[in-house]
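Visitor: Could you take me through one part of this structure closely? I would like to look at the place where the two chains meet.

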Number of protein chains: 2
Amino acid sequence: MKPAPRHDHIVGVDLGGTKILAAVYDAKHRLLAREKKATKPELGPAEVIGRIVETINEVLAAAALPHSAVAGLGVGVPGLIDPKGQIVRVAANLHWHDLPLAKLLTKQLRIPVTLINDVQAGTLAVRDFGTGRGLTDFVCMFIGTGIGGGVVTNGKIYRGAHGLAGEIGHMAIVPHDGPRCGCGNRGCFETVASRTAVVRRIVREMDKGRKSVVRDLCDGDASRIRSRILAEAYREGDELVREVIHDTCEYLGIGAATVINILNPQAVILGGGLIEALGDRMLPRITKAAKAHVIDPTPARVNIRDSGLGDDAGILGAAIAARAA
Amino acid sequence: MKPAPRHDHIVGVDLGGTKILAAVYDAKHRLLAREKKATKPELGPAEVIGRIVETINEVLAAAALPHSAVAGLGVGVPGLIDPKGQIVRVAANLHWHDLPLAKLLTKQLRIPVTLINDVQAGTLAVRDFGTGRGLTDFVCMFIGTGIGGGVVTNGKIYRGAHGLAGEIGHMAIVPHDGPRCGCGNRGCFETVASRTAVVRRIVREMDKGRKSVVRDLCDGDASRIRSRILAEAYREGDELVREVIHDTCEYLGIGAATVINILNPQAVILGGGLIEALGDRMLPRITKAAKAHVIDPTPARVNIRDSGLGDDAGILGAAIAARAA
């Protein structure tokens, strides 16, 4: 006879602007199942909440667990969360303002819900299960649509005066003549070093007539250019992609150096799709660029690594937050 | 009959590359006397130590106190200090390496000595007696020969992994085509926003034939251009000085914005001679520039102020360190 499932599983959800990722973990944080679904934020919060619930139902079904086996649900949200982890104050990509997401999810799922900023979730995962294990003072940089940062001091996430610490994506890296950023400013770090910036530059050059294998790899549809495609083109030796990635490594190194100069962390830990797909090629270049912009560039000072977590940082961190709540 | 002086006075020394400042404080940290003397680092450490001792003897004489009335001596040093506050590991401007300064001073003065990095001393003073009072999370930027930074988190100075946090002077602000920095890199914050950078640019423009009242104010001797002279020229409406100071405010704003984006502090607090002399004119411009490079530029987020301590931050902070030792 199978024993009844214990009531100590945790579900972690990574709510992104394009996709919802959900996973269920056992009491030892072992992954039992994962599911994903498109977010479709344009359909409004009720529809997105419905899709989150469906994804969770599917992941529990895949693990053959009833809702009653789940002690808590953590949701990583790309936005500003209230200090109690219950309300989404602002999530620009989802067009949400002051949405009581935790209450709305609990009502449908009958599971206690904790919300956490998605970048802070990723940082918790790096600290507890990634290459941040054993470190007390480090900074995470997640490179994706934008660039998010997580600052860990004395083993804890440092939030600053208003919970906004770690907005490294908006550091001015090319302040005078850099590209315009979504935030309204000019030359922010993410306008020159995010995956979006990489894709934008490659598409612009291809539009000007430059050749690249990317055009074939994405079947001529620029919206299909993902990190995997960029990595494939890079490894094939595509000249345009190599040039853009190398420039991006230079900017990532400058950004890492700024963080190192200000905080002198034990490590700067990089995550996000591009790093997962191409970290082996990018990290040595990023490190070299950082050394050129750090005072006293000893190896101990410029310690840049990848997170070791792949795509799982977000769901894992959301689960950690739910477990700690 | 006068009572015997109590044994709870503290002497604070600010050891700079050009001058030694010393002050004696009573148990309530009230200033009793101050003295200063040229450092003359070119004469070697023994001579500099002799000059520190003389300055201390003079300040105690001025306050009519015997050495036995002093419970501790704190010395702020422009360099890296060992964690116990006893040895100067490196002080580049003084050409010192691994100098057991505390022991050497105690031998001559028979007073317990605590060494502290000069910028960290200034930061302690801002926290306890300046405009950082009542704040728990802020960043100091001291603008002088270079630019030093002090990071306070949860009410304590944050030192990072190797005691090097706060090297904001070496953040890359103009990484690709900025001026070469003393550290070997290019476009560091202090190459475009320190008092040295301001003076260098004004002198270069005057050498090219541009007119400025600075030439008269310094009697044609560029080495005599101090913050006071720059402030006088600015207030007289000197076009060159106004132009350079305004550009500098732009860079200072960008640097402050970077710190704000990463750490979300309650305040960024500026100190140093230029700010003391011209803060009323510079702070509004620095704030405006910072707002243009911060995500979500609410007044609470971009809170930039002067230290309120004038020239005393260094000696006061050294005294605080000695009291705490």
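Guide: Happy to; here is a walk through the contact between the chains.

This is a predicted model, where local features need pLDDT of at least 70, side-chain atom pairs count only at pLDDT 80 or more, and totals for chains, interfaces and linings use all residues. Residues are numbered from 1 along each chain as its sequence is written, chains are lettered from A and ligands numbered from 1 in the order in which they are written, and side-chain values use heavy atoms, with hydrogens and water left out.

The contact (heavy atoms within 4.5 Å) draws 42 residues from chain A and 43 residues from chain B. Between them, about 3400 Å² is buried, 60% of it from carbon and sulfur atoms; buried area is the accessible area (1.4 Å probe) that two parts lose on being put together, summed over both. On the chain A side, A:Tyr158, A:Ile262 and A:Asn264 lose the most area to chain B, together 19% of what that side buries.

What about polar links? There are 20 residue pairs in polar contact between chain A and chain B, both residues at pLDDT 80 or more. Such a contact is a pair of N or O atoms within 3.5 Å; within protein, one must be able to donate a hydrogen and the other to accept it, and residues adjacent in sequence count only if both atoms are side-chain atoms. Salt bridges (a side-chain nitrogen of Lys or Arg within 4 Å of a carboxyl oxygen of Asp or Glu) number zero between chain A and chain B.
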